[in-house]
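Colleague: Can you take me through this one? Start with the terms, please.

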Amino acid sequence: MAAWIASKINANSAASPRVVELACGAGFLAEFLKRHLPDVRYCGFDLSPDLLEFAQRRLREVPDERRESSDLHFVRANLLSDNWTAQLAEMGWSGKVDAVVSIQALHDLGDLAQQKEVLTKARGLLRKGGLLAYGDLLLDAENPHSSRYSRAEHEEMLRQCGFSIPKPSTPDRARDGTCSQGYAAAAFGDFGTFACRI
Ligand SMILES: C[S@@+](CC[C@H](N)C(=O)[O-])C[C@H]1O[C@@H](n2cnc3c(N)ncnc32)[C@H](O)[C@@H]1O
């Protein structure tokens, strides 16, 4: 999924894309982006200081040819209750961003209304033509989870947030097995991936 997101950013951005990750956890996607898009400017938000510390350590180990101009940030924020969009400006990121991304995290934010709240704020950060790309666990009848939703529900939520969904939607499901963390996607139910531009 990290490779899928990196390729979407690459296809949609000029040099040095500015990328915000929602609920970045321990920085697996950040590491992948840093290795594969070395010019990336990145800010990951997460609730957990411990995971952010892991993420910072992980990124310190990635060789950085542009150490002087490195623009990578891990910021603690509750995406539901903190003014995290303002935190970007406070750390010196003025203007819009090229991409907002997330992996297997939206369901942890809460129900559809809460996820919608966060994605609406995310939309406000994006430049014209900017990209929202995320993957998350879909509703799985055999493994019910109160914050997992169907592809149709995700798409409707995105429409309500003001994103346009390409038609027909591209069902890039991670059915083939492995993700960057090395687990079989099937063991976690069904992932859905979503990408749209404003
Ligand atoms: C399943 S983990 C996924 C982490 C990361 N995206 C990954 O793939 O490794 C979900 C993450 O959501 C974060 N999280 C949950 N609720 C949050 C909130 N309200 N605001 C910010 N982060 C939150 C958790 O701290 C956790 O890191």
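Modeller: Two strands pair if DSSP finds at least two bridges between them. Strands (E, at least two residues) and helices (H or I, at least four) are DSSP runs, numbered from the N terminus. This is a predicted model, where local features need pLDDT of at least 70 and side-chain atom pairs count only at pLDDT 80 or more, while totals for chains, interfaces and linings use all residues. Residues are numbered from 1 along each chain as its sequence is written.

Colleague: In which sense do β1 and β2 pair, and over how many bridges?

Modeller: Parallel, over five bridges. V19 is opposite Y42 in β2.

Colleague: What does the chain cross through from β1 to β2?

Modeller: Helix α2, residues 28-36; the β-α-β crossover is right-handed. That is, with the strands pointing away from the viewer, the path from the first strand over the helix to the second runs clockwise.

Colleague: And β4?

Modeller: Strand β4 (residues 97-103) pairs with β1 in the parallel sense, over three bridges. V20 is opposite V100 there.

Colleague: How many residues of β1 are buried?

Modeller: Five of five, residues 18-22. Buried means 20 or more other C-beta atoms within 10 Å of the residue's own, with C-beta atoms placed from the backbone. R18, V20 and L22 point one way, V19 and E21 the other.

Colleague: Switching to the ligand, what surrounds it?

Modeller: 18 residues, the closest being A23, G25, L47, S48 and L79. A residue counts if its C-beta atom, placed from the backbone, lies within 6 Å.

Colleague: Which elements give two or more residues to that shell?

Modeller: β2 (41-46) and α5 (106-109).

Conventions: Buried ≥ 20, exposed ≤ 12 C-beta atoms within 10 Å, placed from the backbone.
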